[in-house]
Structures are given as C-alpha cells and as structure tokens.
Amino acid sequence: MPANMPAGSPINLLGLGRAELTSFCANLGENPPRRFRAKQLLHWMHQAGAADFGVMTDISKPLRDRLALDATIAGPSVMRDTTAADGTRKWLLDVGTGNAVETVFIPETSRGTLCVSSQAGCALECSFCATGRQGFSRNLTAAEIIGQLWWANKCLGAYDAANNKGEARVISNIVMMGMGEPLANFDHVVAAMRLMLDDDAYGLSRRRVTLSTSGLVPALDRLREACPVALAVSLHAPNDTLRNELVPINKKYPIRELLAACVRYLDKAPRDFVMFEYTLLDGVNDSVAQACELVETVKSVPCKINLIPFNPFEGSGYARSKPDVVARFQEVLLRAGLVATTRKTRGDDIAAACGQLAGQVADKTRRAERRLARIPVVETAAVTSAARAI
Ligand code: SAH
Ligand code: SF4
C-alpha cells in the first residue's frame, strides 16, 4: 500500500517519530515499556528496512498480529527507476491523484547524497525552476518524505550492508533540495528530519542533513528552534530588484531581512556558515559588476557561495552561463576572500540535476494555464534569453 493512503486506512507507522510511536503503542493497550516498543519499531523500520510486522521477531506474536490489523508500513509506490551514465539514480514516486515526485541519489567517492522532495510542485514560482513552473499541488506527508530515504536505502542495499555490519553508510548526506519548498511544509519536513537524525532510525548528524530554502523568514526562525540542521539559502541575485524577478518570495521577505534571519540561524546551526546558492543565468545575474555587488551584499553573513550552472528545461527562457563567465564570476568572489565553489552538474542526462525535477504535478493553482495565457506565443526561449541580455 503506498504512503499516501486515504484517511480511515490503517495508520502508516513509517512517518511517526519516537513520541508518536510511543503513544500509538499506548493506544494499542500495550503495557509499559511502551517507549521500548517504540524504539524496537524504529529499529525495525528504519535500520532494518522492515516492510511488515512478521519479521519483528523480538516483538511478541500477539502484538505483531495486532499491529498488522491496526497499522501498516507503507513505502512509496515507485513508477520509474532511472540511472544516469555518471551513476546518479532517480526514482519517480507516485503520490496519488495524478501527482508524482522525484528523489535523486548522487554517488561520490567519499559520500552518497540523497536529494529529497518535500512537496508535489511548488507555489513559489521561481522563474528558472522546473518545479516552480508547474504550480503547487500538495504537501507531502512525513511518511512520504522519510519514505524516500527508506526506499533509496532499500534499493541501494544499505539494509543488507547494515546486516553484514561494518559497511560505510551508502547514504551519508541528505539535502532537502528536491521538489518543493521545505519550509512551506514545515511540520512534515521537521518530523521527517527528526527521524533522519534519530539514533534509533537513521542516526545522521545535523551537519549531514541540509535544508535549502528560498527564504521564508518566519519559518527559518522556527526551524532554528525546532530542528537546526545545515542551511542552504537560494540567493541567486545580489539585489532586491533582480531577486524579486527570479525568486518572487523576495517581495515579501527582502534580502536584508533574509540575511538577518541567516545570522540568527547560525546561533543554533550545526555549521558555522550558511551556504548561499547562486544559479548562474546567462546575461541575467552573471556579470562582474553583479559578482562585486554580491560580495558587498553577503558581507554580514559567515557564508560559502555555491555557484550552480543553470540546468535548462524546455521553455525556461534562460540559458546556462558560459564556462569563462562562470570562472570570472567565481574569481571575483575568491579574490574578495569568499569561499566559492562551482557545483558539478550530475545526472543531467536523466533530468536529475538541480531545478530539473518536474515529476508530474496536477497544478491545483492552474498556474501553468495562467502563465500560458500571459506569455505571448512569440516569446521563445531564445528571444527571452536575448532580451534579458540587453
Ligand atoms: N525550494 C528550495 C529547494 C529546492 S531547489 C529552494 O528553492 O532552495 C534546490 C536549488 O536548485 C535551489 O537553489 C534552486 O534555486 C536551484 N534551482 C532551481 N532551478 C534550477 C535550475 N533550473 N538550474 C539550476 N538550479 C536551479
Ligand atoms: Fe520552489 Fe525552490 Fe523551485 Fe523556487 S527554486 S520554485 S522555492 S522549488
């Protein structure tokens, strides 16, 4: 049964944290030690990858039978599993009512990173993002979010390795950088991240779980208290005029307020810097003058800058900056004493790179139709790009 079960079906234990599992056991009439039962359930589901109660041999048979009646362990329903030439792997997951989201695994020599989605679509409409172009359908549940890690671990053989003991973690890092704005689905994302961090579940350190946000300031302040993990912020422009255009949420939370929230966040963060993401768009935000302005803009925040080559998608209207322009932009930042890296594009032959995740979204906002109505037919990608370059 998929993670997106209708109400009234057995409760899906996959998305429950320690406290909720404890009260679930109490509601079953289970005698103390209920907390120990919760711990056992966490172990079986998240460390052994159990998908049914029958295998839970250290739980009594009557309780296992009772669990099988009242509950389920429902992972995602997988529509497609694709591997790119560079080993990047992408799963398309059905989340019901015509929606599908994507999860991407990026293997590297010394680590394996899983890029996790938090929403079907996104309401924030960043102009250069394939997910934003689709509009918003719905928030994923905690079970659907943690289910992506559970499923990827299963496919990548991590649970077998755990049984054989001593193997390095297959998934060593998580980035909340898939489809959707994680802070717009705050409660479910925090619940899922707490499972990622829980020693009886995935046991990842806070430094290895990164949340990327386009800058929802009040939610960022809440995250600092609720679950401070490593932080990435989608900046993409050195000033409000341009950021208003690229990341429209900037009109509500302008750069100055966002940067102040970043400084507050660092009080509790597991790392002593914020990672600013800056997608380089040909002729839009990649000039030397803009690099100099960026240096000034971020100077109040301990940070690193991650320059992301734009990943094109059909009808985006943008183009990737030329390599020499990227190098020149990076050089300005480095000379100013900033740490600036250029992200290597991974999995672009299977459209698994940053901002290309589209899945399938039944846009509840009908944004796509409204946009089509607004855009004149002659405005092709090339025309738009050229116009922006002027
Ligand atoms: N909603 C979150 C996380 C998801 S996007 C956020 O906006 O931060 C992860 C990163 O990819 C963000 O920095 C986003 O701005 C960037 N991105 C979006 N579309 C892109 C594209 N087409 N090419 C390159 N980066 C893109
Ligand atoms: Fe949403 Fe992030 Fe894409 Fe913006 S970049 S539309 S916030 S997913």
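**Entry 1: the whole chain.** I began with contacts, meaning heavy atoms within 4.5 Å. Residues 24 or more positions apart make up 69% of the chain's contacts with a separation of 6 or more. I noted that this is a predicted model, where local features need pLDDT of at least 70, side-chain atom pairs count only at pLDDT 80 or more, and totals for chains, interfaces and linings use all residues. Residues are numbered from 1 along each chain as its sequence is written, chains are lettered from A and ligands numbered from 1 in the order written, and side-chain values use heavy atoms, leaving out hydrogens and water.

I then looked up burial: buried is under 20% relative accessible area, exposed over 50%, and partly exposed in between (1.4 Å probe, protein chains only). Of the 390 residues, 54% count as buried. I found 14 helices and 14 strands. These are DSSP runs numbered from the N terminus: helices are H or I with at least four residues, strands E with at least two.

**Entry 2: the core.** A nonpolar core is a set of buried Ala, Val, Leu, Ile, Met, Phe, Trp, Tyr and Cys residues joined through side-chain atoms within 4.5 Å. The largest one has 118 residues. Leu-13, Ile-174 and Phe-276 are among the members that touch the most others. Helix H7 (residues 186–197) gives the most, with eight residues. Domain 1 (11–72) and domain 2 (77–373) both contribute, so the core lies between them. The domain bounds come from an automatic or database assignment.

I followed Phe-276. Leaving out residues up to four places away in sequence, its contacts include Val-233, Leu-259, Cys-303 and Asn-306.

**Entry 3: helix H2.** H2 covers residues 34–47. Its buried residues include Arg-37, Leu-41 and Trp-44. Just after H2, Gly-49 has a positive phi of about 70°.

**Entry 4: ligand 2.** Which residues surround ligand 2? I listed Cys-122, Leu-124, Glu-125, Cys-126, Cys-129, Gly-132, Gly-180, Glu-181 and Ser-214. To count, a residue needs a heavy atom within 4 Å. The shell has four nonpolar, three polar and two charged residues.

**Entry 5: positive phi.** Most residues other than glycine have a negative phi. Glu-125, from the ligand 2 shell, has a phi near 55°. Glu-125 sits in the loop between strand S7 (119–121) and helix H4 (130–133). At 25% relative accessibility, Glu-125 is partly exposed.

Thr-97 also has a positive phi, near 40°. Its loop runs between strand S4 (89–94) and strand S5 (100–107). Is Thr-97 buried or exposed? Thr-97 is exposed, at 68% relative accessible area.

Methods
The expected span of a helix is 1.5 Å times one less than its number of residues. Ala, Val, Leu, Ile, Met, Phe, Trp, Tyr, Cys and Pro count as nonpolar, Asp, Glu, Lys and Arg as charged, and the others, Gly among them, as polar.
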